[in-house]
Amino acid sequence: MEIYLTNLGKYNEGHLVGEWVHLPVSDDDLRAVFDRIGINKEYEEFFITDYECDSISIDEFDSIEQLNFLAEKMENLSETEQTILRYFLNYESLGFREAVEELEKENYFYYTDIDNELDLGMVIAEDWTIPEYLANYIDYEAIGRDFTCSGWFLFEGIAICRG
């Protein structure tokens, strides 16, 4: 996760003064960035003008402390957990800390490698005991569609349901 920090005062004066910062960033490294872009008593404000991040929207005035928190958490998560966290951030409109808390509560169900309602229906039906002679009569896509209509969400190859 990287953000481009820009000196707001210089920007308002018509000068783009900023620097890319890799997150998480230590307090010492952040102070060094602030020194290089001129954040001081005269120019106290900064904002984020660009970012590089997997599917997480970052606002221009997001807190660096919050972004650091999220970046530190993301480093220790599996790919599946990162996807579920992105889902909480992007589709449940949770803040960074709230999304991490939801992830840590593990109050959700999920299946991986799900690209559509048919995949979801087939995985869910696998959990049921269905006689083999009836398997050809089951509309797996309809099962998946019913589950997506009742609270399951398909996101980046994962089917997620909040418990």
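**Strands and aromatic rings in a predicted model**

Strand 4 (residues 108-112) and strand 6 run antiparallel and are joined by five bridges. Strands here are DSSP runs of E with at least two residues, helices are runs of H or I with at least four residues, and both are numbered from the N terminus. Two strands pair if DSSP finds at least two bridges between them. The model is predicted, so local features need pLDDT of at least 70 and side-chain atom pairs count only at pLDDT 80 or more, while totals for chains, interfaces and linings use all residues. Residues are numbered from 1 along each chain as its sequence is written, and side-chain values use heavy atoms, with hydrogens and water left out.

Strand 6 also pairs with strand 5 (residues 152-155), in the antiparallel sense and over four bridges. Because four of the five residues of strand 6 (residues 158-162) are buried, the strand is largely enclosed by the rest of the structure. Buried means under 20% relative accessible area, exposed means over 50%, and partly exposed lies in between (1.4 Å probe, protein chains only).

The aromatic side chains come next. The structure holds 13 aromatic pairs. Rings of Phe, Tyr and Trp (its six-membered ring) pair if their centres lie within 6.5 Å; planes under 30 degrees apart count as stacked, over 60 as edge-to-face and the rest as tilted. One of the pairs is Tyr11 with Phe47, edge-to-face at 5.2 Å centre to centre and 70° between the planes. This pair links distant parts of the chain, with Tyr11 in helix 1 (residues 8-12) and Phe47 in strand 3 (residues 46-52), 36 residues apart. Tyr11 counts as partly exposed because its relative accessibility is 44%, whereas Phe47 is buried, with a relative accessible area of 7%.

Tyr108 and Tyr110 form a tilted pair, 6.1 Å centre to centre with 35° between the planes. Tyr108 is buried at a relative accessible area of 12%; Tyr110 is partly exposed at 41%. Both tyrosines belong to one aromatic cluster, formed by Tyr87, Phe88, Tyr91, Tyr108, Tyr110, Phe153 and Phe155.

One further ring contact involves a charge. The charged end of Arg97 sits over the ring of Phe69, 4.1 Å from the ring centre. The criterion is that NZ of Lys or CZ of Arg is within 6 Å of the ring centre and within 35 degrees of the ring normal.
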